[in-house]
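Visitor: I have a model open and would like to talk through it. Can you take my questions as they come?

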Amino acid sequence: MSEFLKRFGLAFLAAAAVTQAASAQETQRQYEVDLGVGVSLAPKYETAESYLLSPFPLISVGRFYVPGLGQVVDGKRKTGVFFYPSFGFIGERKPSDSADLTGTRKVNWALELGLGGGYRAENWRVFAELRQGINGHHGQVGRLGADAIIFPMDRVEVSFGPRADFVSGSYMDTYFGVTAAEAAASGGRLSAYNPDGGFKSVGLETRISYDWTDDVRVHLQGGYDRLIGDAAKSPLAKNGSKDQFTVGLGVTYKFRFDLF
């Protein structure tokens with residue numbers, strides 16, 4: 001499963017869900033969590049020219065209560081600051097995935113955990129995310145984004161805007177670096193490369209969400225990212241593709257509950 005696919009699946013709704021309208025018929029709970037599944041067409045791994053159609057999970061937060069702070073995510077459309085948990089998952093990458101990876105080492109799957117936050121107005125939002133990698137990589141990854149938001153009809157929300165991803169040197173070494181041993185094992189396909197951390201990609205993202213019912217939501221999302229900086233200079237990117245596209249379709253169901 002591709003790096004873009006897993007990150008897309010787990011973080012797919014994070015920035016949108018924090019401002020989703022709450023149902024007037026339901027008593028508000030401390031927590032509202034949307035869980036669902038989807039399918040995505042995305043690169044097999046970062047820099048890959050081949051694409052995979054695969055299932056993925058969807059997780060989003062509509063309301064979130066923190067003892068002592070109260071509702072840090074209130075689930076209503078309004079202006080103001082918001083926060084949300086941010087997740088990412090990157091599947092393993094194997095030399096057998098592509099001839100472009102010949103000689104490289106296997107990279108295990110990685111889980112990314114962190115937080116996001118931003119500011120929302122009725123027709124726009126800005127946000128930032130920061131996550132820590134576990135297992136496959138131990139670096140830090142982040143995203144900056146801004147969206148214009150429109151409501152073309154009842155129950156439909158459309159958002160679109162730019163994105164910029166930045167990563168630490170450890171992440172860059174794992175997914176874009178090439179050691180001397182790997183270069184030698186590649187049979188001349190790759191040269192040794194030691195990248196630095198920084199901005200990894202810039203792009204655009206659009207999302208359409210439709211409230212099928214008060215609890216069921218359908219989501220269509222598309223995105224484009226262009227590798228930049230040291231990521232774009234990597235021999236892996238030069239042999240593969242610097243342009244990455246994603247398209248996903250999914251459905252979620254809203255769960256409401258109290259813990260405190």
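This is a predicted model: local features need pLDDT of at least 70, side-chain atom pairs count only at pLDDT 80 or more; totals for chains, interfaces and linings use all residues.

Visitor: How many helices and strands does the chain have?

Guide: There are 6 helices and 11 strands.

Visitor: And how much of the chain is buried?

Guide: Of the 260 residues in the chain, 51% are buried. The chain exposes about 11,400 Å², and 63% of that comes from carbon and sulfur atoms.

Visitor: What share of the contacts between residues at least 6 apart in sequence joins residues at least 24 apart?

Guide: That share is 67%.

Visitor: Now the nonpolar side. Which residues have the most contacts inside the largest nonpolar core?

Guide: Those are Y171, Y175, F176 and L227, in a core of 13 residues. Helices α3 (169-176) and α5 (229-233) each supply at least two residues of this core. The helix α3 gives the most, with 4 residues.

Visitor: Switching to charges. How many salt bridges are found in the whole structure?

Guide: The search finds 23 salt bridges. One of them pairs E112 with R131, with the closest N and O atoms 3.1 Å apart. E112 sits in strand β5 and R131 in strand β6 (residues 124-135), 19 residues apart, so the pair links distant parts of the chain.

Visitor: Are E112 and R131 buried or exposed?

Guide: E112 is buried, at a relative accessible area of 0%. R131 also counts as buried, because its relative accessibility is 5% and the cut-off is under 20%.

Visitor: What does D225 pair with?

Guide: D225 forms a salt bridge with R143, where the closest N and O atoms are 3.9 Å apart. D225 is in strand β10 (residues 216-227) and R143 in strand β7 (residues 140-153), so this pair ties together parts that are 82 residues apart in sequence. D225 is buried at 9% relative accessibility, and R143 is buried with a relative accessible area of 15%.

Visitor: And which residue does R163 meet?

Guide: The side chain of R163 meets that of D147 in a salt bridge, 3.0 Å from N to O. R163 belongs to strand β8 (residues 156-167) and D147 to strand β7, so parts 16 residues apart in sequence are tied together. R163 is buried, with a relative accessible area of 5%, and D147 is buried at 4%.

Visitor: Which residues are linked in a network of salt bridges?

Guide: The network links R125, R143, D147, R163, D165, E205, R207 and D225. Side chains of opposite charge can pair when their charged atoms come close.

Visitor: Last one, a loop residue. Where does S98 lie?

Guide: S98 is in the loop between β4 (80-90) and β5 (110-121).

Visitor: Is S98 buried or exposed, and what does its side chain reach?

Guide: S98 is buried, because its relative accessible area is 18% and buried means under 20%. The side chain of S98 reaches the backbone nitrogen of D100 at 3.1 Å.

Notes: Residues are numbered from 1 along each chain as its sequence is written. Side-chain values use heavy atoms; hydrogens and water are left out. Buried means under 20% relative accessible area, exposed over 50%, partly exposed in between (1.4 Å probe, protein chains only). Contact means heavy atoms within 4.5 Å. Accessible areas come from the Shrake-Rupley method with a 1.4 Å probe; for residues, only the protein chains shown count as cover. A polar contact is a pair of N or O atoms within 3.5 Å; within protein, one must be able to donate a hydrogen and the other to accept it, and residues adjacent in sequence count only if both atoms are side-chain atoms. A nonpolar core is a set of buried Ala, Val, Leu, Ile, Met, Phe, Trp, Tyr and Cys residues joined through side-chain atoms within 4.5 Å. A salt bridge is a side-chain nitrogen of Lys or Arg within 4 Å of a carboxyl oxygen of Asp or Glu.
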